[in-house]
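Reader: Can you walk me through this one? I'd like to start with the strands.

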Amino acid sequence: MDSTFQFLVYNVSHIDMVLGLRVENPGREQGCDKAVSEDVFARPKFHTFNETSQRVLNLIKLSEEKDISLAVLKDTVEEIVRSKDQYYEPEPKKVRRDTKKIPAGLNTLRSTADKTISRIQDMHLHGTDKEKIELNNKGSIVIDAVYFPLIAQVVPTWLEENQHHSGVGKVQQIIYLATGSGKPRNKKLDPLCDSTTVLAQIMKIFIETVYSNVKVEVVDSGIGVFQYDLNVKFVKNVLLPKLEQYRQSIVSSVGEDWHNLFQVSIALTDGSPARMAALSASLRKYRPTYLHMWQLKTFWHRRCLLRSDLKVESFETVETRPSIAVEALDSFTKLLVSEMKLFKQSFEETVSGPNVLKSVWLRKSNKPVLSVLMVKRPDEEQPRLYRGMNVEVSLPTGSLCAERNVIGTALAADPGLRREDFRMIGIFSMTLERPGTPVSDQERKKTSKQRSLSQDSLPVGEFVALNPISPCGACNEWLKKIAEVNPSFKVVTFPNTSCSEVFVKEV
C-alpha cells in the first residue's frame, strides 16, 4: 500500500444548514403591477428539522444539475478594544484586506419539485428577515438555496493543510460526517424529528460535487447525541473500526512508518458536549490536527464568511496549552531557555566541523535531541543546569534518551539530590545537517512521521527538527517518579527551532 490516507471527522449539527428563501409578492400596494422579491435566511426548528432536510434533499435530487451557490469569504482583522469598564467596545475597528467567493451551498433553481414553504412558523428567522416576511405576508415563500457555512470553510482549509503534508504515493482523502438525533421531550413527535442524517446526505452531495477527489461517508449514531455513554459506544463500535481498518492495512504494508501515511483531523464546530468530548477523547491516540471554528454564526448575521473564524491547531498545541513568548516567562524558565540556546549554538558548531555523531553516536536514527535539566537545593540561591543528549550506539542493546541521560549526569555530579530538587527539564530536537543546508523531501518525510499536520511554522530547512518533541514512554516513567513528590516539576518544549516561544506543562 503506497497511498497516504487523510481523514476528517466532522460532527453534523443543526447549525450546519441555512436555507435561502425568496419571498415573492405580486405587489405591496393595491394596483401595483411590479412584483416584489426579498431574500431571507432561515433555519428549521428542531421538531421539523428532519422533515425539512428530507424535502431539501428531494429538491436537490430533482435538480437537472447540481448548481453551486457561492458565498463571500472575507479576510478581515478585527481589533477589539478592551478597557477596565467595558470588555468589548460596541463598534470594533475592522480592517478589510481581501475578499473572494467560495462554494458554500447548492441552489434549487432547476429543481422540478414544489419549493413553496407553507408554514413559515416552523422556521427560525433572523430579526431583519422577520420584518421582510411581515411586509410580504401575502406573498409566496420558496426555497432558493441551501447553505453549509461551516463545512464550506472547513473542507478547503483541511485540503490546503493536507497539501503541505501529503506523505508519499497517491493521496486518498476521506471525510466522516457523524450524525444522530436527540430524544424530543414531546412523546407525540417522531423520535427522529431532529435527526441530522438526511442533512449529512445533502452535505455529502455538496462536498463531492465541489471536491470530486474527496470521498464522504455518513456515520450515524441514532438516538442519544446528548448522552455521553451512547456517544462513546457509537465512536467505539462505529467510527473507530473504520479508521482502524485503514491503519492496520497501512501497518501491514509499511510497518513503523505508518505515521507518514495516516493523518487524522477533527473539526471542532458545533455539537452536544457529550458528542464532542467522546470524539476528541477517542481520536486523541491518532494525534489529530484540530480545525476550530470559534465563530459559528457569522454567515447567519453578516451573510459572509470570515477566514479569521477558523483556526488550525496542532495536536501538540492543544495538548500543551498555547505557546508562551520567552519574554513572558518567569526568571527560572528564562534561565533554562537561555542555557538551551547556548547548548543549541554549541551543537551547531560541532555539526559544522568534523564529527562522528552520524557514524557512531547517533547512527541509528540520526535524530539528535538536546535536554537541559534544572535542579535547586533548598540551601542554594541559584539553580544548577545540566546538559544531556541522546545516544544510540547500537541496538538491540538499547539507546539512551536525552532526558534520562541528563538526569544521570546530574546524579553523577551530586548523588545526594532528592526528587524535590528537580525543578524543570527542557527538550529540544535538532538536525545533523549543517545550518543552512537544504533538506531533501525524502529526508523531511523520514524525520517527521510522528508529528501532526501543522507541526512547525518554519521553512523547509527547519522542518526536520521534530519540535515540539515530548518524552518517550520510558523517559515519561522517570519524570513521573520525580512528579510523585514534586508535582510542580515542569517539562519545557519548543514550537520550533527559533527558541523564541516555549510550551510549559506538568508531567
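**Strands and rings**

Author: Strand β10 (residues 262-268) and strand β11 (residues 289-293) pair in the parallel sense, over four bridges. Pairing takes at least two DSSP bridges between two strands. Strands are DSSP E runs of at least two residues, and helices are H or I runs of at least four, numbered from the N terminus. This is a predicted model: local features need pLDDT of at least 70, side-chain atom pairs pLDDT 80 or more, while totals for chains, interfaces and linings use all residues. Residues are numbered from 1 along each chain as its sequence is written, and side-chain values use heavy atoms, without hydrogens and water.

Reader: What stands opposite I266?

Author: Y290 in β11.

Reader: What order do the six strands take in the sheet?

Author: β9-β8-β1-β10-β11-β13, in an open sheet with mixed pairing. β9 (214-223) and β13 (310-313) each have a single partner strand, so one side of each lacks a neighbour in the sheet.

Reader: Switching to rings. How many aromatic pairs are there?

Author: Twelve, from a search of the whole structure. Phe, Tyr and Trp rings (six-membered ring for Trp) pair with centres within 6.5 Å; planes under 30 degrees apart are stacked, over 60 edge-to-face, the rest tilted. The F148 and F206 centres are 5.2 Å apart with planes at 45°, so that pair is tilted.

Reader: Are F148 and F206 buried or exposed?

Author: Both are buried, meaning under 20% relative accessible area, against over 50% for exposed and partly exposed in between (1.4 Å probe, protein chains only).

Reader: Which residues form the ring cluster?

Author: F5, F7, Y176, Y246, W258, F262 and Y286 are linked by ring pairs. W258 and F262 are both buried.
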